[in-house]
Amino acid sequence: MVLVTNKELMVAARKGGYAIGAFNVQNLESVKAIVEAAVEECSPAILQITPSVVKYAGMGYITSLVKTAGKEVQVPLAMHLDHGEDYETAIKCVDAGFTSVMIDGSFLSFEENIAVTKRVVNYAHAKGVSVEAELGKLAGVEERSVEEKDAILTDPNNAVEFVEKTGIDTLAVAIGTSHGAYKFKSAAKLDLERLKLINEKVGIPLVLHGASSVPSWICEKATKYGAILDGAKGVAEDQLQQAIKLGIAKINIDTDLRLAFTATVREVLTNSPKEFDPRKILGPAKDAMKEVAKGKMRLFASSGKA
Ligand code: G3H
Ligand code: 13P
Ligand code: ZN
């Protein structure tokens, strides 16, 4: 099957009341983990690549892996640029065969974010590629005042203006999540009231970044084999399910995959100190990553939707 756009997958997801998992990939093992999970769960999936992965793996190598996956399996897959930092990066990815790109102007002023996003939309849409952009800043918001929260999180009225002026296909919102393994100091709580308002006002599917749950069972396994993860905390699974009901149609997961992969590498190296065949170390790590991805597909209710 040819690779499809995020827009196509996410419009169907929003309508059907489920979300597509968008999984960060860096190499052969992570691509195979996600694709095998999608096939076994009969689920659509988004494989996303950051600019730092393009630097690490090389544009040709990493895109060839995802394109090969698209040719070999029957479930719908998208190849998406995650956190494209400028116009040039986004355009390079459109030209390299990505089916969807994110232009992340969330660090710019509102006007500058609109301007760069619109330029990317014009280029990408002419080539049939869908565009995600971000409004608001991803940061932990517990223990912040209402004024501080308003300054960081996505403003529903600004979101309407942003979508109208840019013509984007999907919008990443800031509602209290953040990237990495240390998202919250106390109880994890998303601003679901704000999400409800944005969803009512904006007609396009929404994206949630920084959505890993940092499950204790993975942290315990990693810690058992030597990792230090003091204070790691993610988004509760029931909060993600509520967010899906309020218009989130793409959920970004990177940290949980990394944790599962490296916990298993640690386990194999500890339990089999004589092992030095990379396949015997990375194979089980790939399988651990696959199991986490399958769990997300079931949680997001995309299983069986391919
Ligand atoms: O937000 C995206 C990732 O979790 C960070 O990815 O380390 O490949 O830039 P990166
Ligand atoms: P996590 O760090 O919570 O996995 O978020 C990943 C992400 O948002 C990638 O864009
Ligand atoms: Zn992100």
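The buried residues of helix 5 pack against helix 3 (51-57), helix 4 (59-72), strand 3 (77-84), strand 4 (100-103) and helix 6 (110-126). Buried means under 20% relative accessible area, exposed over 50%, partly exposed in between (1.4 Å probe, protein chains only). Contact means heavy atoms within 4.5 Å. Helices (H or I, at least four residues) and strands (E, at least two) are DSSP runs, numbered from the N terminus. This is a predicted model: local features need pLDDT of at least 70, side-chain atom pairs count only at pLDDT 80 or more, and totals for chains, interfaces and linings use all residues. Residues are numbered from 1 along each chain as its sequence is written, and side-chain values use heavy atoms, with hydrogens and water left out.

Helix 5 spans residues 87-95. Its buried residues are Tyr-87, Thr-89, Ala-90, Ile-91, Cys-93 and Val-94. Just after the helix, Gly-97 takes a positive phi of about 100°.

Tyr-87 also meets a charge. The charged end of Arg-119 sits over its ring, 3.8 Å from the centre. The rule asks for NZ of Lys or CZ of Arg within 6 Å of the ring centre and within 35 degrees of the ring normal. Lys-305 lies over the face of Tyr-18 at 4.8 Å from the ring centre.

Now the core. A nonpolar core is a set of buried Ala, Val, Leu, Ile, Met, Phe, Trp, Tyr and Cys residues joined through side-chain atoms within 4.5 Å. The largest has 88 residues. Ile-49, Leu-77, Val-101, Ile-168, Leu-171 and Leu-195 have the most contacts inside it. Apart from it lies another core of twelve residues, among them Val-4, Ala-13, Ile-20 and Ala-172.

Key:
Chains are lettered from A and ligands numbered from 1 in the order in which they are written.
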